[in-house]
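Subject: The model, and what I found in it

Hi,

Here is the structure I promised to send over. Have a look at it first, and then read on for my notes.

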Amino acid sequence: MHLANPLTFDGLGVWIAALLTLFIFSFLYKDNPFYKLAEHLFVGISAGYYVAQEWWAVIYPQCVKPVMNGSRPLMIIPGVLGLLLFSRFVPKVGWLSRWSLAIIIGAYAGIKTTGFAQGDLVEQFHASLLPLWVPGQLGVSIDNVLFVAGLVSTLVFFFFSTEHKGAIKSTAQLGVWFLMISFGAAYGFTVMARVSLLIGRFQFLLDPWLGVARF
Amino acid sequence: MGALIGFLVGLVVVAAIIAGLLRVPQVATGLARLRGLDRRWIFIAVWLLVMLPLLFPLKLPVAPTSRAIQYYDEIEKLKPGDIVLLSADYDPASGPELGPMLRSSLLQLCRKKVRIVGDCLWPGGPPLLEQGFTQVARDQFHYKYGEDYVNLGFKEGREAVILAMGNSIPGTFASDFRGTPVSQLPLMNKVTNLSSVKLLVNISAGYPGTKEWVQQASRRFNLKIVSGCTAVSAPEYYAYLQSNQLLGLLGGMAGAAEYEKMTGVTGSATKGMDAQSSVHLLVMLCILLGNLAHWAARRQGER
Amino acid sequence: MQRQVPLLLTAGIGLVMLLYFFIPHPLISEPGHFFEDAVIVVVAFAIVLGAANLLQFNGDIIMRRGKDWPYKLVLLLSMFAMIGIGLVEGEHYLDPETKFSWMYNTFYASMQATMFALLAFYIASAAFRAFRIRNLEAALLAVAALFVMIGRVPIGNAISQHWPDGVRLPQISDWIMENPQNSAKRAILMGAALGVMSTGLRIIMGIEGSFARGENR
């Protein structure tokens, strides 16, 4: 066992991190002051980190510096618009912040519309045009038929412009089965993801802190 | 085809086992009592089943899947001197899954003597990317900063950053993550926009990440993309893999372990797979026992 | 003025970003590039606004000695400490030797990772207490989940390595992911794409203008 040395700066950091980890894990028993302390500390540190990051990574190099040295004077416009966001703290002029919001919403509406159209609609539709019969490959043919049947039936399930009865109802029901398989697979992967994060935390506790294993 | 048969047979076998167990009265009574189990017992079981395999590893072999092989092969196609964009779009919360992917990707890229431009779309990413560059590129392969690799750091804006990089990467990142103007970095003189990089290696935890890169950059700027992502995101990206918008996909810690195997490393992902296996078995048991307990209690209530 | 200007801004900028995808002419692409750079800066300010909101909300609780006010004080003090250290460190704030980096590794990285790690416990307990197979659909969900969970980990490979080729657990898991799962997910992707496109167009055309109305309707 090689405990991290709390008398060094790095070792002290490991000890604090380990204790905070255990404080948060204590919530599993029940809510308690240690957990509350860690939770509020986390929120404060995160908010502070984001502010510092936004200043040095974006606001200073993209706005302040180019305007001050004259290389891109027009960047004063987004700078002013960004500051206008804070007008919402003053009720009388709070409406000015909607101008800045409008920039953000308008830009992303345009960006996302084209992105989804190309990436998630056109390309996906193109890739769904599979041959339903591949000579000499029965397995691939069955898989393709199943794939197309699943796609079409699931799309029919989501089509609410007409009442689901008769053939449409049966097709939609098939779509529901495919959706359930999809959700089950997603659940399996979600379990894997959550467990991985816990494994990572234990690897930290067992290696840098307690030094009883090597990862 | 065989897998379809296996899946259907599995469905029938599970149903038969459950129906059979419920017919045994002692089993039914015992199971019904389980309904009141305090969840903290389950927490203790999870704790033990994660800690014990980490301390006493079973060393179960990891077998790479076709997706990990595709990811590996795509990077193998690169030639020495090619420029690759490595976008580390994650933060410490996803570190256990994505950190090993980042390190193994850097290992393979450095072995190929590829030049790497790094960036992050998540604010928590730059230190993680820098740690990877330092541990692998600088310390193991003696890469020189500014000539062989550059860390551009983080930029806010998500999809807007991707589009801006498609127009001009030096214009989007006027300085690197240390504040050095990119004009002073020799590598950045060879990088104009996304079309001038051979491949995007995207390590992605969610939004913004692989989905946004695929939507905004794969066809618009003819950018080849391979993705290492969290297990939560992976199911959605199979569609992009099938449509060739993605050329390789690593999903979660299992994907990271498979990739570590391919790069010849026994890293933290590989060492975590025993614990992963045991907790998966526990969750499966919880699903089965929970339902058996519920049905047994209902049958007893009906009687 | 209060409502029309935001709607006009949204429509104008949205239209330019839409057309910029199709028209490479500088008349459209130059404003498009500028708006890309501009929105990056405005969004950065919006993140800072979030911190300001935190200050206002928690400051209010501290001033009137509300519930858990000592913890709110810890929150604000830690926030200011992090901001202060970050600003003082300068442009090299993320270098490994800096105090900011130490704070990142000690506090931010460890606590964020642990918060998410808690979920593993709850997912196991929810699997026992809440996952109920009541009908065929739920059974399909459960069986797919079971196959994927066992197939994606080494124990699944170990159990089934001597089974016939084609029905081994990892192969069944892969088949589920590449076929039925993929087809349903693709349908969801396509449906969501249609939804996003229609919402985007509604926003650009001003039909969805609730953000412009604000709190005072």
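Before the rest, some housekeeping. This is a predicted model, in which local features need pLDDT of at least 70 and side-chain atom pairs count only at pLDDT 80 or more, while totals for chains, interfaces and linings use all residues. Residues are numbered from 1 along each chain as its sequence is written, chains are lettered from A and ligands numbered from 1 in the order in which they are written.

Two helix pairs

Two packed helices are described by the angle between their axes and the distance between the axes. Back to the pair in chain B, then: helix H5 (residues 95-111) and helix H11 (residues 252-263) of chain B have axes 8 Å apart and pack at an angle of about 25°. Here axes are lines fitted to C-alpha atoms, for helices over the stretch in contact, and angles run from 0 to 180 degrees between N-to-C directions. Helices are DSSP runs of H or I with at least four residues, strands are runs of E with at least two, and both are numbered from the N terminus. H5(B) and H11(B) are therefore roughly parallel to each other (angles under 35 degrees; over 145 is roughly antiparallel, 65 to 115 roughly perpendicular and the rest oblique).

On the H5(B) side, the contact is made by Pro96(B), Glu97(B), Pro100(B), Met101(B), Ser104(B), Leu107(B) and Gln108(B). H11(B) brings Gly252(B), Met253(B), Ala256(B), Tyr259(B), Glu260(B) and Thr263(B). Two residues are in contact if their C-beta atoms, placed from the backbone, lie within 7 Å. By class, this contact of H5(B) with H11(B) has 7 nonpolar, 4 polar and 2 charged residues. Nonpolar covers Ala, Val, Leu, Ile, Met, Phe, Trp, Tyr, Cys and Pro, charged covers Asp, Glu, Lys and Arg, and the others, Gly among them, are polar.

The second pair joins two chains. The axes of H6(A) and H3(B) come within 10 Å and cross at roughly 55°. H6(A) and H3(B) are therefore oblique to each other, and their crossing is right-handed. H6(A) contributes Leu198(A), Ile199(A), Phe202(A), Gln203(A) and Leu206(A) to the contact, and H3(B) contributes Val50(B), Met51(B), Leu54(B) and Leu55(B). By class, the residues of this contact of H6(A) with H3(B) are 8 nonpolar, 1 polar and no charged.

Chains A and C

Chain A has 6 helices and 0 strands. Its radius of gyration, taken over C-alpha atoms, is 27 Å, well over the 17 Å that the globule rule gives for 215 residues, so chain A is more spread out than a compact globule. That rule is 2.2 Å times the number of residues to the power 0.38. Along its principal axes, the C-alpha trace of chain A spans about 70 × 60 × 35 Å.

Chain C has 9 helices and 0 strands. The radius of gyration of chain C is 26 Å, well over the 17 Å from the globule rule for 217 residues, so chain C is also more spread out than a compact globule. Its C-alpha atoms fill a box of roughly 70 × 50 × 40 Å along the principal axes. Buried residues make up 48% of the 217 residues in chain C (buried is 20 or more other C-beta atoms within 10 Å of a residue's own, exposed is 12 or fewer, and partly exposed is in between, with C-beta atoms placed from the backbone).

Where chain C meets its partners

97 residues of chain A are in contact with 105 residues of chain C. H2(A) gives the most to the side of chain A that touches chain C, with 23 residues. That side divides into 67 nonpolar, 22 polar and 8 charged residues.

For chain B, 56 residues are in contact with 56 residues of chain C. H12(B) gives the most to the side of chain B that touches chain C, with 14 residues. By class, that side has 34 nonpolar, 15 polar and 7 charged residues.

Notes:
Left-handed = near helix turned anticlockwise from the far one by under 90°.
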